[in-house]
Amino acid sequence: KLIVPFPPGGPTDIMGRTAAKAMGDRLGQQFVVDNKAGAGGNIGTDAVAKAAGDGYTIGLSAISSLAIAPTLYPKLPFSVEKDLAPVSLVGFPPCAIVAHPSAPFDDLKGLIAYAKTHPGKLSYGTSGIGSTHHLTGESFSAALGINMVHVPFKGMGQATPALVGGQVQMIFSALPAIAGFVKDNRVKLLAQNSNKRFSQAPNIPTIAETAIPGFDFAPTTIVMAPSGTPPTVLKQLSTDIATAIRTPAVAETLLNSGVEVIGSSSDELAKVLAEEAERFAKIIKTINIKAD
């Protein structure tokens with residue numbers, strides 16, 4: 001079983017189903033995808049944490065969610081360190097700053113100039129308080145010394161139509177989710193939030209290269225297992241997952257859906273998790289975000 005902590009049809013679900021088929025083909029066993037959405041991914045992650053550590057249940061998560069949750073939610077039903085074991089990095093779908101056509105700027109420098117001369121006039125929508133999109137927006141504002149109005153929604157399924165309808169002026173969105181609106185000129189792309197340009201969108205500059213060196217908030221997806229899963233099983237799972245998603249056909253499928261493939265060992269993921277937990281804890285405390 002592969003638990004996906006978000007609804008069907010989203011970028012994480014697509015990534016999970018693609019990875020599940022690839023792993024099933026490699027191992028000769030079917031992987032059942034189980035969507036357990038809610039609470040910013042915490043419900044699905046809790047289901048993984050409480051599953052038997054026998055190698056038959058694993059789960060997807062955004063590395064930022066696991067790094068953010070312990071600081072943002074003091075009463076989590078699970079412990080990231082005690083109840084979960086890292087398996088492998090999967091990949092990341094870069095997000096972009098996307099603006100409504102009526103916004104009085106056409107590039108990132110124009111956005112920054114407008115925000116500085118019109119404090120509190122620029123609104124941006126997110127998938128909710130404490131989400132990666134929210135932390136991206138607040139960190140962006142703090143680094144540039146600008147004041148933008150945060151408008152939280154219950155998921156990007158609400159935030160994106162709000163942008164298209166002109167209720168907010170901009171959002172941070174995964175590229176595939178807004179590709180159709182860009183093609184129809186119903187929104188305009190300004191910049192990417194990953195540290196390097198996405199290979200499928202090489203003409204879109206990054207925030208890091210344009211305005212804030214080192215800025216990187218691309219939501220990396222990972223695989224976790226319940227704690228107690230034997231080390232030999234974790235090692236085998238990480239090897240099989242990394243090998244499966246790196247095969248040319250699978251990597252191309254994920255790339256076409258907006259995901260840069262990574263793949264890693266469990267030890268490599270553990271190191272990245274620790275670094276990201278420290279980074280996001282500092283960000284949350286600095287900008288004083290509190291969960292509802």
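Biologist: In which helix is the place of Thr45?

Modeller: Thr45 is in helix α2, residues 42-49, where a helix is a DSSP run of H or I with at least four residues, a strand is a run of E with at least two, and both are numbered from the N terminus. The structure is a predicted model, in which local features need pLDDT of at least 70 and side-chain atom pairs count only at pLDDT 80 or more, while totals for chains, interfaces and linings use all residues. Residues are numbered from 1 along each chain as its sequence is written, and side-chain values use heavy atoms, leaving out hydrogens and water.

Biologist: Why does Thr45 count as buried?

Modeller: Buried means under 20% relative accessible area, exposed means over 50%, and partly exposed lies in between (1.4 Å probe, protein chains only). Thr45 has 6% relative accessibility and therefore counts as buried.

Biologist: Which residues does Thr45 touch, not counting residues up to four places away in sequence?

Modeller: Thr45 touches Pro5, Ser61, Leu66, Phe78 and Leu84; contact here means heavy atoms within 4.5 Å.

Biologist: Turning to the sheet, what is the order of its strands?

Modeller: The order is β7-β6-β8-β5-β9, in an open sheet of 5 strands with mixed pairing. Strands β7 (149-152) and β9 (188-192) are the edge strands, since each pairs on one side only. From one strand to the next, the twist averages 30 degrees.

Biologist: What makes β5 and β8 a pair, and how many bridges join them?

Modeller: Two strands pair if DSSP finds at least two bridges between them. Strands β5 (residues 95-99) and β8 (residues 170-174) are joined by 5 bridges and run antiparallel, so by that rule they pair. Within this pairing, Ala99 stands opposite Met170 in β8. Strands β5 and β9 also run antiparallel, with 4 bridges between them, and Ala96 stands opposite Gln192 in β9.

Biologist: Why is β9 described as largely enclosed by the rest of the structure?

Modeller: Of the 5 residues of β9, 4 are buried, so the strand is largely enclosed.

Biologist: Which strands does helix α8 lie across?

Modeller: Helix α8 (residues 175-183) lies across β5, β8 and β9 and runs at about 120 degrees to β8. Such angles run from 0 to 180 degrees between N-to-C directions, with axes fitted to C-alpha atoms, for helices over the stretch in contact.

Biologist: What makes a group of residues a nonpolar core, and which members of the largest one touch the most others?

Modeller: A nonpolar core is a set of buried Ala, Val, Leu, Ile, Met, Phe, Trp, Tyr and Cys residues joined through side-chain atoms within 4.5 Å. The largest such core has 32 residues, and Ile97, Leu111, Phe140 and Ile207 touch the most other members. Elements giving two or more residues to this core include α3 (63-72), α6 (132-144) and α12 (266-287). Helix α5 gives the most, with 5 residues. Leu111 touches Ile97, Phe105, Leu122, Phe140, Met170 and Leu190, not counting residues up to four places away in sequence. A second, separate core has 24 residues, among them Leu2, Ile58, Ala85 and Ala244. In soluble globular proteins, nonpolar side chains tend to be buried together.

Biologist: Why is the contact of Asp106 with Lys188 called a salt bridge?

Modeller: A salt bridge is a side-chain nitrogen of Lys or Arg within 4 Å of a carboxyl oxygen of Asp or Glu. The closest N and O atoms of Asp106 and Lys188 are 2.8 Å apart, so the pair meets the definition. The count by this rule comes to 11 salt bridges.

Biologist: Where in the chain do Asp106 and Lys188 lie?

Modeller: Asp106 is in the loop between β5 and α5 and Lys188 is in strand β9, so the pair, 82 residues apart, links distant parts of the chain. Asp106 is exposed because its relative accessible area is 63%, whereas Lys188, at 16%, counts as buried.

Biologist: What makes Glu209 and Arg197 a tie between parts of the chain?

Modeller: Their side chains meet in a salt bridge, 2.6 Å from N to O. Glu209 lies in helix α9 and Arg197 in the loop between β9 and α9, so the pair ties together parts that are 12 residues apart in sequence. Glu209 counts as partly exposed at 45% relative accessibility, and Arg197 counts as partly exposed at 36%.

Biologist: Why are Lys282 and Glu278 said to be separated by about one helical turn?

Modeller: They are 4 residues apart in helix α12, which means a separation of about one helical turn. Lys282 is exposed at 53% relative accessible area, whereas Glu278 is partly exposed at 48%.
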